[in-house]
Amino acid sequence: EYDLSVRRYEHVSTGASLLSVVTPDDDHKAFIAAFRTAPDERVRSTGVAHILEHSVLCGSKDYPLREPFVELLKGSVHTFLNAMTYPDRTAYPVSSQSDADFKNLRDVYLDAVMRPL
């Protein structure tokens with residue numbers, strides 16, 4: 001058994017959901033933005049979702065750098081930082097033990113996926 005506190009939130013207008021999992025004995029903070037990708041095999045087989053995954057991490061409105069992802073890799077104390085495409089979704093996970101670093105990673109990733117250049 002795990003000592004967890006789990007809450008699910010849903011954005012009324014968009015239907016986007018947020019799952020919050022808190023455990024008192026782990027100082028890791030993790031965040032993942034995940035989006036469904038096209039279930040149509042004709043679209044999946046083109047690699048478009050994987051191309052978009054990389055394109056999204058090439059700058060955003062608040063972080064108009066050429067390669068913000070590379071800058072995060074160099075200047076962050078992250079414990080996990082990546083992006084990945086699956087047949088049914090694309091995910092952008094980050095984690096860090098530092099509160100300030102985690103908040104920065106989360107902000108950069110959210111801006112990248114919600115407001116890419």
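From the N terminus, the secondary-structure elements of the protein follow the order β-β-β-α-α-α-β-β-β-α, amounting to four helices and six strands; helices (H or I, at least four residues) and strands (E, at least two) are DSSP runs, numbered from the N terminus. The model is predicted: local features require pLDDT of at least 70 and side-chain atom pairs count only at pLDDT 80 or more, whereas totals for chains, interfaces and linings use all residues. Residues are numbered from 1 along each chain as its sequence is written, and side-chain values use heavy atoms, with hydrogens and water left out.

The C-alpha trace of the protein spans about 45 × 30 × 25 Å along its principal axes. Of the 117 residues, 26% are buried (under 20% relative accessible area; exposed, over 50%; partly exposed, in between; 1.4 Å probe, protein chains only). Among contacts (heavy atoms within 4.5 Å) with a separation of 6 or more, 57% join residues 24 or more positions apart.

Helix α3 (residues 68-75) has Pro68, Phe69 and Leu72 as its buried residues. These residues lie on the same side of α3 because they cover an arc of only 105 degrees around the axis, the arc being that of the directions from the helix axis to the C-beta atoms. An α-helix has 3.6 residues a turn, so residues three or four places apart point the same way. The buried residues of α3 pack against β4 (78-81) and α4 (99-114), while the exposed residues Lys74 and Gly75 are carried on the face of α3 turned away from its buried side.
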